[in-house]
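Please look over the sequence and the model shown here before reading the report.

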Amino acid sequence: MDVLLNVAHGFGVALQPINLLYCFIGVFIGTLVGVLPGIGPISAMSLLLPITLSGTPESGIIMMAGIYYGSMYGGSTTSILVNIPGEAASVVTCIDGHQMAKQGRAGPALGMSALGSFIAGTFSLIALMLIAPSLANVAIAFGPAEYFSLMVLGLVVLTFLTQGSMAKALLMACIGIVLGLIGLDSITAMPRLTFGRLELIDGIGLVPVVMGLFGVAEVLINTEQVIKRDVINAKITQLLPSKADWKASAGPVARGTVLGFFLGILPGGGAVISSFASYALEKRLSKTPERFGKGAIEGVAGPESANNAAAGGAFIPLMTLGIPPNVVMALLLGAFVIHGLQPGPLLITQNPGLFWGIVASMYIGNVMLLVLNLPLIGMWVQLLKLPYNILFPLIILFTIIGVYCSSNNVFDVYVMIAFGVIGYFMRKLGYEPAPLVLAFVLGPMLENNLRKSLILSQGDLFTFVQRPISAACLVLAVVLLIGPLLPSLRRKRELVALDEGA
Amino acid sequence: MNDQSSVRLKLNNSELWGGLIGLALGVFVIWSGLKLKLGTINDPGSGYVLFYTGVLMCVFAATIIVAAITEGGPTFGSRWEGARWTKPLLVIGCLTSFAFALDAFGFLLSAIPLMVLLLRVIDPVRWTLAIPVAVLTPLGVWWVLKRVLLIQLPSGIFEIG
């Protein structure tokens, strides 16, 4: 009963005209960046982070959340029609989606992708509503040791799942922690690594770092190649899947939804992992696995449902524990912090309007996305024809303006350009930026909780293993760290390792 | 990888250089941690986490170096094989020049040339389209920010904008 009252309260907030407008802007931009290859939700969210300052916290966070789950919908359009993933979570949709389009079945592929995403998005919201308050009650009992160990686990899981060498990913995570510690020490107020520059006293901003590493670096990488697009030009008809399509897709949608939701909750997990895991699961369960890769609708329905369910699930650790499980949620944490809010166990009780308003807005956003992605599909197809030689300079201009507006400081523009160049060389040398960004956000919290735990336990390191949750997290982290030394686990890691940051 | 694109103990082994840069950064972080004072385990100081993070950085960087020496690694050349490497270099050059010009000349006087350069550098857009896009976009953005959102962009020594 309480849940229903809360949901009603949430809809009261979400249905306010200004919040509806922000929700629409969010899902529209999300679909846009999902459709456009080369720009992902991370770049878009970092670009728009400063704009959240102009409205209420509800409006800003509703918009940011909309960009994230909206991009999951939009990403499939490009994968199916152009065979280029609009964003990383849609990579796997290219395999069967584009084959379907080539066979003249672009309509059912797009339709099933949107409807599967809608079903998964709705399920994950219901689960979020039911699980988050209970988990928040448990999380109140968490002490600094549990928080520290959970953050360590989150970072280790992300490095485990990052493409390429794990040593490189761990090095990136360490650099992220160091960058996060620049500025005044929160306990002793001593300046650290500021090199005498006043601009660094408050630390480096998240916006210039993320925009540099993901926005500018992405453009630099893309300029290296002539981007060729093989857009399906045939008129897209019959978007609604047939009975046979539904019959084939019902199982993959259901399994993808549940799998995606739980993988989304895990620290370090997310939409990308979920879509690949769902594809592998469907192929393994299929009686005719040879159809996969040749236009099987199950290969579109499962992964698309999984990545949307994961997008919903990822809100749980952020909202209940205050720990972002991936880079996108780290940006959302940034949006909370900009408004002086701290997500965590007390958020639901202290700011019920905000929490339930965001949840309700996601329902509304999912309906908006269904409209944007089915009847208006033609508009997005036209957008795919926008030339990149005009788009890339515009992205650079908007990143510069976005960074400047976030702090009114030219220094941040320098920081962004520097991180753009660093990010470009990092990618060329096989160093992924995602662990760096997550560690950059978690670094100060990690340090704070470590020092608090040591002070409270009077220097007893066993405090981390005497508490069951903390011990479990650390044991899992150690297993993942030493796991790649075993050849069988190394092979498995190489199979699931992904480019989270793309 | 063929013999020419993967090398072991050679100066153009990119993995080796990546590891060496990581090691240098790790040593610097350890030194910074020590300078800031480690404190005790009962009461960790400002440099405590920095110091141990630096130690971890050195360990991971050493692992990369060892792997680069024993298993070899791609050369710098192979990393850019088949890529139009001059394009990102030109974009970086444009951005660096813009960074120097922004404070001195202000947003409008530095953003318009930046846009012209980018539009002509990446995959040249014809002049008749490049000039209007390069002029109108920064002007439009400047107008919206200044008049609608009341955000002042840098106006530089000429106070334009």
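## Basis of the model

This is a predicted model, in which local features need pLDDT of at least 70 and side-chain atom pairs count only at pLDDT 80 or more, while totals for chains, interfaces and linings use all residues. Residues are numbered from 1 along each chain as its sequence is written, and chains are lettered from A and ligands numbered from 1 in the order in which they are written.

## Contact between chains A and B

The contact, in which two residues count if their C-beta atoms, placed from the backbone, lie within 7 Å, takes 47 residues from chain A and 51 residues from chain B. On the side of chain A that touches chain B, two or more residues come from each of α8 (166-180), α9 (206-223), α18, α19 (410-428) and α20 (433-456) of chain A, where helices are DSSP runs (H or I, at least four residues) and strands likewise (E, at least two), numbered from the N terminus. The most is given by α18(A), with ten residues.

That side of chain A divides into 31 nonpolar, nine polar and seven charged residues, with Ala, Val, Leu, Ile, Met, Phe, Trp, Tyr, Cys and Pro counted as nonpolar, Asp, Glu, Lys and Arg as charged, and the others, Gly among them, as polar.

## Helix α18 and its end

Because the expected span is 1.5 Å times one less than the number of residues, the 20 residues of α18 (residues 388-407) of chain A should span 28 Å, which agrees with the 29 Å between its end C-alpha atoms. Just after α18(A), A:Asn408 takes a positive phi of about 55°.

## Loop between β2 and α9

A:Leu193 lies in the loop between β2 (191-192) and α9 of chain A, and its phi is positive, near 50°. A:Leu193 is buried, with 20 other C-beta atoms within 10 Å, the cut-offs being 20 or more for buried, 12 or fewer for exposed, and partly exposed in between, with C-beta atoms placed from the backbone.

A:Phe195, found in the loop between β2 and α9 of chain A, has a positive phi of about 50° although it is not a glycine. A:Phe195 is exposed, with 7 other C-beta atoms within 10 Å.
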